[in-house]
Amino acid sequence: MKLVIFGANGPTGRLATEMAIAEGHTVTAVTRRPEAFPLSSAGLTVAGADVLDAQAVGQVVAGHDAVISTLGVPYTKEPVTVYSQGAANITAAMIDYGLRRLVCVTSMGVSGQAAPGDGLIFRKLIAPVLLAMGRTIYEDMRRMEDIVRDSDLDWTIVRPAGLFDATTVTTYRAAPERLSGKFTSRADLADTLLREATENRNIRRCIDVVTTEGVPSYMRVFLKEALHIGD
C-alpha cells in the first residue's frame with residue numbers, strides 16, 4: 001500500500017514508518033523537520049510539511065491509499081490545537097483527493113472511564129493527576145475525535161494507555177472496548193496502527209490497545225514520560 005504518516009518524526013511515527021517499509025509498503029513520512037528524519041529507504045519519501053498548513057497537507061496526501069496520524073505533543077498547561085486542527089486538515093484533504101482510510105491516535109484518557117481492574121489508588125489519585133497535567137491535550141484530542149467521527153471516512157481511532165519504549169512487538173491486546181491495562185509500548189502501538197491501516201480492521205470504531213507483558217513500573221513511566229527524567 002501507499003501510506004502517508006503524519007507525525008513521522010515522533011517516536012511512534014518512526015516505528016510505524018520503519019515497520020511499514022519492512023513489510024514492503026511505500027511510505028511518505030511527513031515531518032516539519034525532514035532534515036532530521038533518521039530513516040532512509042528506496043520505499044520512503046520524507047516530506048517537509050506542517051499539519052496545520054491545509055495546502056501542504058493536501059499535497060502530501062494526494063495519491064496515497066491510507067493515512068496514519070501519530071501526531072502528539074508533550075504535556076503542557078498551554079492551549080493545544082494541533083490534534084483538532086491537524087484532523088480538520090487531514091480529513092478535508094482526504095475527502096478532496098478521494099482517500100477513505102484514516103487511522104489516528106488519541107488516548108485512553110479521552111474516554112474518562114476507569115478500566116476494569118483499576119485499583120482505588122489509581123482511580124482516585126494517580127489518574128486524576130495525569131488527567132489534570134494533560135487537561136489541554138485531552139480536550140483537544142476530544143475535539144479531534146469529534147472531527148474524525150463526523151467525517152464520512154473509513155476511520156479508526158486508536159487509544160493507547162501510558163506510553164513507554166520497547167524494542168519488540170508483543171502479544172498486546174487491541175479491542176473496541178475499555179481494556180484493563182495502564183501501559184502501551186510504542187512498538188505495540190505502531191504495530192496496531194499498521195494492522196488497522198493495511199488490514200481494514202475496526203472500521204468506524206475507537207479501540208483501546210494495551211501491552212500485557214514486559215511492562216515497566218508506574219514510577220519509571222511517570223518519571224520518563226511525564227517529567228522527562230531519565231531520557
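User: What makes arginine 178 and aspartate 208 a salt bridge?

Analyst: In this predicted model, the closest N and O atoms of arginine 178 and aspartate 208 are 3.6 Å apart, and because the cut-off is within 4 Å, the contact counts as a salt bridge. Arginine 178 lies in the loop between E8 and strand E9 (183-185), whereas aspartate 208 belongs to strand E10, so the pair ties together parts that are 30 residues apart in sequence.

User: Why is aspartate 208 called buried, and why is arginine 178 called partly exposed?

Analyst: Buried means under 20% relative accessible area, and aspartate 208, with 5%, therefore counts as buried. Arginine 178 has 22% relative accessibility and so counts as partly exposed, since that label covers values between the buried limit and the exposed limit of over 50%.

User: Why is strand E10 described as mostly covered?

Analyst: Five of the six residues in E10 (residues 205-210) are buried.

User: How do you know that E8 and E10 pair?

Analyst: Pairing needs at least two bridges, and E8 (residues 173-175) and E10 have three, in the antiparallel sense; arginine 173, for instance, has valine 210 as its bridge partner in E10. Strand E6 (residues 154-160) also pairs with E10, in the parallel sense over five bridges, with threonine 156 partnered by arginine 205.

User: What makes glutamate 23 and arginine 195 a salt bridge?

Analyst: Their side chains meet at 2.7 Å, N to O, which is within the 4 Å limit. Arginine 195, at 12% relative accessibility, counts as buried, while glutamate 23, at 40%, counts as partly exposed.

Methods. Residues are numbered from 1 along each chain as its sequence is written. This is a predicted model: local features need pLDDT of at least 70, side-chain atom pairs count only at pLDDT 80 or more; totals for chains, interfaces and linings use all residues. Side-chain values use heavy atoms; hydrogens and water are left out. Buried means under 20% relative accessible area, exposed over 50%, partly exposed in between (1.4 Å probe, protein chains only). Helices (H or I, at least four residues) and strands (E, at least two) are DSSP runs, numbered from the N terminus.
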